[in-house]
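Have a look at the sequence and the model, then read on.

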Amino acid sequence: MRDWEGSFLVEDEHTANAARNHWKLRLSLCLAACLTIMLAGSPARAFDPFPVVGGASEHRRILDAGLGCLGQSRPGCWSKAGLDRLESAVRLPDITAITFWNAAHCDGGDPAPDGVGGRRGAAALEACRDWIRLHLRNARRAADGLVDAQGNPVLARGLTGPSSSRRQVEFNLGRAIHAAQDFYAHTNWVDRLPADSRVSLHNPPGLGSAGPIPWLAADNQDAPPTGLISGCFVFFPESAFCAGRTRHQDLNKDRRADATLPPVGGTPRGAIEGNFARAFDAAAGETERIWKDFQSDLIANYGPVRGRAMGCLLRGLPPSMCVGGM
């Protein structure tokens, strides 16, 4: 009797566990579906990461402007293949768990109280700069496996595809470049307001600057410029999660009004005073600066032969062209 009873209890426990796991799976799928629907129906969190009708994703347009050859014999420009791979990495922060990580998108830098007697703004902005620099360091370390001592590409074992080192470099470069591009869409660095505009919590003043901010330069250790802010983002709807704060939706310049026309903003902040185009141009300049500094960093750390070969591979040139540091 005891053996039968024990067997029954074990079977019953297995049944109960299976039922619990089934409901956990259903709950996870429901939550994932709800999150997908909410994100799809809400304003973009960052420069639009997805291709749109009539054009490429906004992140890709910025990559093309900052790194592409653009039909010119521009020295050090990236091939289409290289840009395709980099674009895939740059899009990841908008379609993975770090969608809600403020440092990965330069969000949360408004001056609201932090609840412990301090202010959020500078700390959140510095966390974004630290995030960018961390992933550039990670990319540089991973690059050590790209080529051998003579600058010959290290390929995947037994294949002609990219090594795991290259995937790690691209992954980290993507995270750094994504955050750097988002900085210009999410802060008031480039913003201008109409002369008759009334400044308020949800319409903060802009700094009216042009081009890449010196504060993000590789060797800059200054505090964020006075008046620099980014908007609060926690979850949707922003009005509920960011009550009493300047919100992401108040500042963002994430998308254009029409993918087939010149860069005119499709958000309230981006649609005025050419702010979208100004953010786009600054982000493209920042992308170019990051790559030039990263290439110089590779040469400084690994020598001219290896460093130039690493850059050549990442730009998507054929491995045969990258031997010897071309």
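H3 and H5 are oblique to each other, since their axes cross at roughly 60°; oblique covers what is left once angles under 35 degrees (roughly parallel), over 145 (roughly antiparallel) and 65 to 115 (roughly perpendicular) are set aside. This is a predicted model, in which local features need pLDDT of at least 70, side-chain atom pairs count only at pLDDT 80 or more, and totals for chains, interfaces and linings use all residues. Residues are numbered from 1 along each chain as its sequence is written, and side-chain values use heavy atoms, leaving out hydrogens and water.

**H3 with H5**
- Helix H3 spans residues 80–91 and helix H5 residues 164–186, and their axes come within 7 Å (helices are DSSP runs of H or I with at least four residues, numbered from the N terminus).
- Axes here are lines fitted to C-alpha atoms over the stretch in contact, with angles from 0 to 180 degrees between N-to-C directions.
- The crossing of H3 and H5 is right-handed, a term for a near helix turned clockwise from the far one by less than a right angle.
- H3 brings Arg 85, Leu 86, Ala 89 and Val 90 to the contact, where residues of H5 including Phe 171, Leu 173, Ile 177 and His 178 take part (contact means heavy atoms within 4.5 Å).
- By class, this contact of H3 with H5 holds 6 nonpolar, 3 polar and 5 charged residues; Ala, Val, Leu, Ile, Met, Phe, Trp, Tyr, Cys and Pro count as nonpolar, Asp, Glu, Lys and Arg as charged, and the others, Gly among them, as polar.

**H2 with its partners**
- H2 (residues 58–67) packs on H8 at an angle of about 55°, with the axes 8 Å apart, and the two helices are therefore oblique to each other.
- H2 and H8 cross in a right-handed way, and the contact has 9 nonpolar, 2 polar and 3 charged residues.
- Among the residues that meet there are Ile 62 and Leu 63 in H2, and Phe 276, Phe 280 and Trp 291 in H8.
- The axes of H2 and H3 come within 10 Å and cross at roughly 135°, so this pair is oblique too.
- H2 passes H3 in a right-handed crossing, with His 59, Arg 60, Leu 63, Asp 64 and Leu 67 in H2 meeting residues of H3 that include Leu 83, Leu 86 and Val 90.

**The second largest pocket**
- The second largest pocket has a volume of about 280 Å³.
- Its lining counts 16 residues, and Ile 132, Arg 133, Leu 136, Ala 218 and Asp 293 lie nearest the centre.
- Helices H4 (121–142) and H8 (275–314) each supply at least two of the lining residues.
- By class, the lining has 8 nonpolar, no polar and 8 charged residues.
- A pocket is an open set of points on a 1 Å grid where a 1.4 Å probe fits, with protein on both sides within 12 Å along at least five of seven lines; lining residues have an atom within 4 Å of a point.

**Backbone details**
- Most residues other than glycine have a negative phi, and most peptide bonds are trans.
- The peptide bond from Phe 236 to Pro 237 is cis, with omega near -5°, and Pro 237 sits in the loop between H5 and helix H6 (238–241).
- Cys 106, in the loop between H3 and H4, has a positive phi near 55°.

Notes:
Points joined across faces, edges and corners; volume = space filled by probe spheres on them.
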